[in-house]
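Visitor: Could you show me how to read the features of a protein model?
Guide: Gladly; here it is.

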Amino acid sequence: MLGKKEAEIGSERYYLVREDILPEALIKTVQAKELLARGEVKTIHEAAEQVELSRSAFYKYKDGIFPLSKLDRERIVTISMDLEHRSGILSRVLAMIAGLEGNVLTIHQTIPLQGVANVVISVETSLMGEPVAHLLEKLREQDGVSRATIVGQG
């Protein structure tokens, strides 16, 4: 199969497949999901009816197929940083991330030891105009940030 890529995440397997070889029900499921996401229809019944797909087929496939462009945009990066234990540093880091259109999802901070606290944050980067490398560079330039590295992304 030309263009096939395989990746394993946990016990699930994923493939990248050209649209022209997908069964019609899968393509129509994506179309119905797009109608719902754009607000062109209000219910699953309306979406399925508009693309001529049974509701049972929609429910069967809806959680298993996504356009590649959507998966590519929905990025979450986890960053570990060492911050000096001074007032306002974390606040400035968070403001800088927001200024780059990053959306902070989680924050975990350890108790400062020897004047340094480790902070691990998860940031959704789908709306950022700059690549994640730019975010990392800006974090490292922040006053009070002694280390910033990506520890995971997905």
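The dialogue below goes from the overall fold to strands and then to rings.

Guide: This is a predicted model, in which local features need pLDDT of at least 70, side-chain atom pairs count only at pLDDT 80 or more, and totals for chains, interfaces and linings use all residues. Residues are numbered from 1 along each chain as its sequence is written, and side-chain values use heavy atoms, with hydrogens and water left out.

Visitor: How many helices and strands are in the protein chain?
Guide: Helices (H or I, at least four residues) and strands (E, at least two) are DSSP runs, numbered from the N terminus. Here the protein chain has six helices and six strands, in the order β-β-α-α-α-α-β-α-β-β-α-β from the N terminus.

Visitor: Which strands pair with β5?
Guide: Two strands pair if DSSP finds at least two bridges between them. Strand β3 (residues 76-84) runs antiparallel to β5 (residues 116-124), with nine bridges joining them; methionine 81 has valine 119 as its bridge partner in β5. Strand β4 (residues 103-109) also pairs with β5 in the antiparallel sense, over six bridges, and valine 123 in β5 is the bridge partner of valine 104. Six residues lie between β4 and β5 in their hairpin, where glutamine 114 in the turn has a positive phi of about 55°.

Visitor: How many aromatic pairs does a search of the whole structure find?
Guide: Rings of Phe, Tyr and Trp (its six-membered ring) pair if their centres lie within 6.5 Å; planes under 30 degrees apart count as stacked, over 60 as edge-to-face and the rest as tilted. The search finds one pair. The ring centres of phenylalanine 58 and tyrosine 59 are 5.8 Å apart and their planes are at 80°, so this pair is edge-to-face.
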